[in-house]
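Open the structure in a viewer and keep the sequence beside it. The stops below say what to select and what is there.

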Amino acid sequence: MKLGNLLLITIQSEIYDSLGIKLLNDIAETLEKHNSKGILLDISSVPIIDSFMGRIINNIASISRLMDAHTVVVGMQPAVAITLVELGLEMPNILTAINVEQGIELLNKKITKMNRIDEADQGEKDTD
Amino acid sequence: MKLIKEKKIRIKNENDFLNARGIVKELAEEIGLSILSQTKITTASSEILRNMLIHGNGGIIIIRIIGKETKKGLEVICEDKGKGIPDKELAFQKGFSTNKSLGLGLPGAKNLVDEFQLDSELNKGTVVKLMVWKR
Ligand SMILES: Nc1ncnc2c1ncn2[C@@H]1O[C@H](COP(=O)(O)OP(=O)(O)OP(=O)(O)O)[C@@H](O)[C@H]1O
Ligand SMILES: [Mg+2]
């Protein structure tokens, strides 16, 4: 799997709420246009994630799942992770990686696994 | 208790909101809070500021560095003249929202700070005070 099939999104340190919603739309469109199977969401330069931003990240992951793609959140700062837990925001469907390289590796693993399951399904149908 | 520094900012839009949040972080750093404590108080302030914008029609934030004996603290006060909160106990329940949102802001913010105080009067407004101490 090439990086060409993955979508790398870097979130800047401060993001307006309205921009967050626009981001969601842009991602959905880009996923469809390029038929991407994975999103790398780089938040390594984001110092604060409150419930609103957290929800946007959750929504990005949900939307990508609906469009048959996976999201890996890259580079969440430890203080941000702890704060999110204490805030009470759950991120049940989020895959995380320490850096972009590991994120790519994780996504490629996920995607190959999905392809294998697809092929297996296909195989079953063929023998019917 | 001694007031060492004070900043007041009017909050009317997202821009004010981000600016105020930045100043909370700055002053948290100035009194020597750890990165984790800085992140907690800034995130808590973010929740309360957002409530003020969404539910309270905007308002004023007062950010203070306070000295008490040998320790320093950061106090964040958010004041609005909005519709107020009819049932405070209910508002603090995780998952309660009049906005179809997650209802995380109030209980979450409370959990992130050393001291938390909410005063609200129906149709008069809401005041939320957050406090963290440098240990
Ligand atoms: N400043 C305020 N003025 C009036 N009502 C408020 C104010 N702050 C909070 N509330 C009320 O308290 C409820 C709970 O607030 P809380 O921040 O926990 O949840 P929320 O803002 O609805 O959702 P979330 O913060 O998860 O997006 C709100 O839905 C609102 O009805
Ligand atoms: Mg809220």
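Select chain A: of its 128 residues, 41% count as buried, where buried means under 20% relative accessible area, exposed over 50% and partly exposed in between (1.4 Å probe, protein chains only). This is a predicted model, in which local features need pLDDT of at least 70 and side-chain atom pairs count only at pLDDT 80 or more, while totals for chains, interfaces and linings use all residues. Residues are numbered from 1 along each chain as its sequence is written, chains are lettered from A and ligands numbered from 1 in the order in which they are written, and side-chain values use heavy atoms, with hydrogens and water left out.

Colour chain A by secondary structure. It has four helices and four strands, in the order β-α-β-α-β-α-β-α from the N terminus on. Helices (H or I, at least four residues) and strands (E, at least two) are DSSP runs, numbered from the N terminus. Of the contacts (heavy atoms within 4.5 Å) in chain A between residues at least 6 apart in sequence, 80% join residues at least 24 apart.

Now show both chains. In contact across the interface are 21 residues of chain A and 23 residues of chain B. Together the two chains bury about 2,000 Å², with 54% of it on carbon and sulfur atoms; buried area is the accessible area (1.4 Å probe) that two parts lose on being put together, summed over both.

Four salt bridges are counted between chain A and chain B, each a side-chain nitrogen of Lys or Arg within 4 Å of a carboxyl oxygen of Asp or Glu. Select B:Arg50 and A:Asp50 for one of them: their closest N and O atoms are 2.4 Å apart. On the side of chain A that touches chain B, the elements giving two or more residues are helix 1 (17–34), helix 2 (51–66) and helix 3 (78–87). Helix 3 of chain A gives the most, six residues.

Move to chain B and select strand 4, residues 115–121.

Opposite B:Gln117 stands B:Lys129 of strand 5. Finish at the hairpin of these strands, with three residues between them, where B:Asn123 takes a positive phi near 65°.

Definitions and conventions:
Pairing = 2+ DSSP bridges.
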